[in-house]
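Thanks for asking me to look at this one. Here are my notes on how the chains meet, in the order I would read them.

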There are 4 protein chains.
Amino acid sequence: MSSKKKIGILGASGYTGADAVRLLARHPNAEITALTANTHAGKAMGDVFPHFFMLDLPKLVEWEKVDWTTLDAVFCGLPHGTTQEIIAAVLKANPTIKVLDMSADFRLRDKNTYAQWYGHEHRALELQSEAVYGLTEFYREKIAAARLVACPGCYPTAVLLALVPLARAKLIDVDDIVIDAKSGVTGAGRGLKQNTLFSEAGEGLSPYSVGTHRHAPEIEQEIGVAAGTAVTVNFTPHLIPMARGELCTSYVKLAGGATPDDLRGALEKAYANEPFVHVAKKGVLPQTQNVRGSNYVQIGVIADRIKNRAIVISTLDNLVKGSAGQAIQNMNLMFGLPETAGLEQIALFP
Amino acid sequence: MSSKKKIGILGASGYTGADAVRLLARHPNAEITALTANTHAGKAMGDVFPHFFMLDLPKLVEWEKVDWTTLDAVFCGLPHGTTQEIIAAVLKANPTIKVLDMSADFRLRDKNTYAQWYGHEHRALELQSEAVYGLTEFYREKIAAARLVACPGCYPTAVLLALVPLARAKLIDVDDIVIDAKSGVTGAGRGLKQNTLFSEAGEGLSPYSVGTHRHAPEIEQEIGVAAGTAVTVNFTPHLIPMARGELCTSYVKLAGGATPDDLRGALEKAYANEPFVHVAKKGVLPQTQNVRGSNYVQIGVIADRIKNRAIVISTLDNLVKGSAGQAIQNMNLMFGLPETAGLEQIALFP
Amino acid sequence: MSSKKKIGILGASGYTGADAVRLLARHPNAEITALTANTHAGKAMGDVFPHFFMLDLPKLVEWEKVDWTTLDAVFCGLPHGTTQEIIAAVLKANPTIKVLDMSADFRLRDKNTYAQWYGHEHRALELQSEAVYGLTEFYREKIAAARLVACPGCYPTAVLLALVPLARAKLIDVDDIVIDAKSGVTGAGRGLKQNTLFSEAGEGLSPYSVGTHRHAPEIEQEIGVAAGTAVTVNFTPHLIPMARGELCTSYVKLAGGATPDDLRGALEKAYANEPFVHVAKKGVLPQTQNVRGSNYVQIGVIADRIKNRAIVISTLDNLVKGSAGQAIQNMNLMFGLPETAGLEQIALFP
Amino acid sequence: MSSKKKIGILGASGYTGADAVRLLARHPNAEITALTANTHAGKAMGDVFPHFFMLDLPKLVEWEKVDWTTLDAVFCGLPHGTTQEIIAAVLKANPTIKVLDMSADFRLRDKNTYAQWYGHEHRALELQSEAVYGLTEFYREKIAAARLVACPGCYPTAVLLALVPLARAKLIDVDDIVIDAKSGVTGAGRGLKQNTLFSEAGEGLSPYSVGTHRHAPEIEQEIGVAAGTAVTVNFTPHLIPMARGELCTSYVKLAGGATPDDLRGALEKAYANEPFVHVAKKGVLPQTQNVRGSNYVQIGVIADRIKNRAIVISTLDNLVKGSAGQAIQNMNLMFGLPETAGLEQIALFP
């Protein structure tokens, strides 16, 4: 017990915070010792999320009340904007704490791109350059050595795991990528919005943020790195009447005479030893049902009827591999724990 | 009462048949006088569809038992394959009856394309060439004069209303069309299939029939007509956890210097006087919630962040404008009735 | 056109207001000429409810801006509390206007019961005593003559149609009534609440307001009238993951040697000539799917395995017969129109 | 590894079989070494349930092909009827194997009651009398010593955990129990039925099997044991549009001057040391969201407005504590393992 890492969660009243609690409460090497949620400070976690009735969790407190020197790591599930200043303060209080940021604040490396998409200068520029982009499969060594990890967005995780190996291998034309993205409603968070009410989002399908979603520059940053050139992608999200799950259908143009089988082969090779990323056999189509509640990702490649084109489909649970699960995977790396510790739950189907 | 058209429905135990009943039972100029469903013959319609408890409908009978000479029109909601021979028999029994076929049997004009996609020679070739493709907005005069109308598939209706005016006006490159299509589960019919069980389809999202869906050649046929050239499109359907509704996100390359605003303008012009097809204002995104249960179609155009590309989104209710509603719209034309008769129900939202 | 009744809707940005618009926009004898929604004043109705894109509706205005003398009737879909004072002002401005109140403000006839359940004295006591309880089937004559009709709550409509004829005929023991009530999420309105978010209410089932729901005294008032004695009932509501629909399972003790068949017989007799209330045949169980989007009610009686007990199940659409539909039915009576005008839509299934 | 118990699953292609796989695959002391599914024999489990893509499982075989002597335990998820003869054969082949039957075949101890509800004589009478009823919390010692455990039905588990302590303590009148039961659609299994199609069960609520559900005699058997007298209960199930989860609202009459607080107190005392059964604090209402995917049960007691009555609400996941989870809990007991091994997953919410 004494060897368990002491963990705090900033913003525990949101869905990503809660999913971090769900997983960390059963993690063999972790112990949750602080939970913050400023608007709910003073409440029991079980009052805010009644499905935790069986857990003995610390009370929610204001983040200013936490003694950060007693913690080994902090997960941050705060909304964009407040995050950067709070994390700066936490790191000042305890410079050796490990920070797993699940917000968008440290994902973009270019300060101008950040300012352009977020509408203001970044307020912790030195940390922005220190932060490691936490797509585990591609940045494993840097993550293991990092103090501050910017965990990727849910959509970027799904898209990049599908396309980065293809861009690296020059199998696709990175100037002609169309990403039709679909997400369950938890992707919009627990905040009160009319379009996420059951009666509005249920039994219906809505495109949203077409051309303006902030996950686009994040995808472009990493495909750009993989391809060695700046890219612009089409990224078109749709809201689906389900709580969890995300599926991205990427339409790509084949490069250099590559075939769809070449693409599948490249992905199989890239993920041969990965515990969480699985490439579907030829003819098998990924579906969100296969990954719900789990840290797994499933990717499939299908030939297009249009010559020299292919379809790459990837799916994950936006709150797990798309957020809290990947953060824990990174934490495991940072602490030298087995990478899969606490993360091997199988999808809940049906 | 005596002036009402006498209507029969073949295959009334399926969802399209039932939606035809729902609408025709309240149509001011129609009277349902025959209902067939061979596996349910002898039952009351209210036993097969209990939501018709308030209607006084004819009993279900085998189609061979119907006296077709007493009917003015027949709607056909049979599965593919059996349809062509039964319709041939019906027309032989009553050569002046109007036939609204909601199946796929007469949609493809080319007998080779038909044989290729359906795996057998067409069994009523002369009727295949007689049949008029029932996309009301584009074939209004032919439909008014027709005896046999092949009502389009649900996906083709959504896609073609969005793209045909653009292809006709040479505003898009028809060799580079990607259609990411999403449908509610009723699109799969009332037959018993594992993947349409609530516990399988609910809370999940699955691509299906990628590269093999039979609506692809139908879309290609009509875009080909509009463009004056043979075309191949990417058509990728996804099953969405909702009962009704369909939304197609079409990714197009602009031609001849056209802008997204030009596309919207062309659509607005094409549908200025159409009662059921509405073009969303700039900035408004169509969603299935807006058309559920109704005969309306909503189309929107959005600029792509990739230069010289645009996104065209169209939505309809697959059982109404995508099937029974459009069939009734065509029937109205064929009988010289007001085209909107019986079809002006507003979407049921929420 | 000139003979159409001019209708205003107070609180048109809520779900009951919107369903009144949906139905009145296609009502043969009605014309919507005013819509109010104070927080959305100045907007087009199609911006607040995009499924009205095909309608040409008046802009939303503040209620104080409406000239009530130009209207024949007003539907009121405001939240509880504000209603009573606004209706008083409207009636002062136009004493001959017909008022269809869909809120709870005028349903309870006893001022003490009102004060007890709503926590304050009623603020328009003279109107409270003038108001007619708008359960159409039981108060038809009074409604036809009324100026102000207090349309019943959705649950009370379902329960009272099931139980009042039985209480009147002394077939059940009114001191032993257990009502297990289930409602779709629209029953909670369009206001932003955490428990009605898709991610919270979906895929789950929650009892709520057990022992404290304000529909209980309304049910007790009317069963009390029917039985000629004060009654207390068990009324236990549950939130169901569907948008529309309500089903009440009432557990009753048989009185005076009555049998379940006697109960069914009494209901059949009571509703023999009613257009919207249908008693299911023996062995048929009502379900919400049968009435979704419609003004119909379905009631069934089943024998209990416990001796001398029976189960009475009733279902309706909470926004139609449970609110806007019944209000229109009452309006039809008040204007001497056919009672079913504009209300004969069949349930949307699936 | 060598010390892991070798487990077979009969009927692995159903939902309860699959949930047993989901949990056993991550159980620290278990190893799945045989899977049977006669209609799918020869297939990989990942073809039948694609969410197992990450597991290395034995192929599905016919049950006759399994060498039962190599196994330590077998879980049986077969449909009723075939189970009794197959289990008899398995036990004949390996008399020391532990059998966890998740079917209904061995739950009723009285052979006449069995014959009455199942329509035929039991075909393994000696096993019927050997079988131990597997409601863990009440039969722990017998289960630990048993060879054949008849795991309770999902509804009985929810109801009995709520009511047995109250019946034992004579706090309720067992002759006046009304149980309004609600279940998600997985309760109906993976077999193809029209009423469990997404388009039929979605967005709707249906009572079913009212007065005829076979879980009624099981509930009566155990409440009868607790109360020391034969009882008849009202048990009225409803199908809810969600995949997993069950909630039973039991309406009870208080006995001997008991209060709702006395009931809650009795339950708290009964479950003070139970790892999986939690009694909600006064004022907290159980909801299925709190237990989805988990082995936990939540029970709450609420005062009725009717004097001397109370409402007891209990909820669980029908596939976990209502089936595969409870079977594993029993297996743990039978093997002397920690009772919670492999079962501590927290509910998946949202």
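1. A word on conventions. This is a predicted model, in which local features need pLDDT of at least 70 and side-chain atom pairs count only at pLDDT 80 or more, while totals for chains, interfaces and linings use all residues. Residues are numbered from 1 along each chain as its sequence is written, chains are lettered from A and ligands numbered from 1 in the order in which they are written, and side-chain values use heavy atoms, with hydrogens and water left out.

2. Chain B with chain A. Here 50 residues of chain B touch 50 residues of chain A (contact means heavy atoms within 4.5 Å). The two chains bury about 3900 Å² between them, with 57% from carbon and sulfur atoms; buried area is the accessible area (1.4 Å probe) that two parts lose on being put together, summed over both. On the chain B side, Glu203(B), Leu205(B) and Arg305(B) lose the most area to chain A, together 19% of what that side buries.

3. In one salt bridge, Arg305(B) pairs with Glu220(A) at 2.8 Å, N to O.

4. Where the B side comes from. Strand 8 of chain B gives the largest share of the side that touches chain A, six residues; strands (E, at least two residues) and helices (H or I, at least four) are DSSP runs, numbered from the N terminus.

5. Chain D with chain B. This contact takes 18 residues from each of chain D and chain B. About 1600 Å² is buried between them, 61% of it on carbon and sulfur atoms. Leu192(D), Leu197(D) and Phe198(D) supply 43% of the area that chain D buries against chain B, more than any other three residues.

6. Helix 8 (residues 198–201) of chain D gives the most to the chain D side, with four residues.

Note on methods: Salt bridge = Lys/Arg side-chain N within 4 Å of Asp/Glu carboxyl O.
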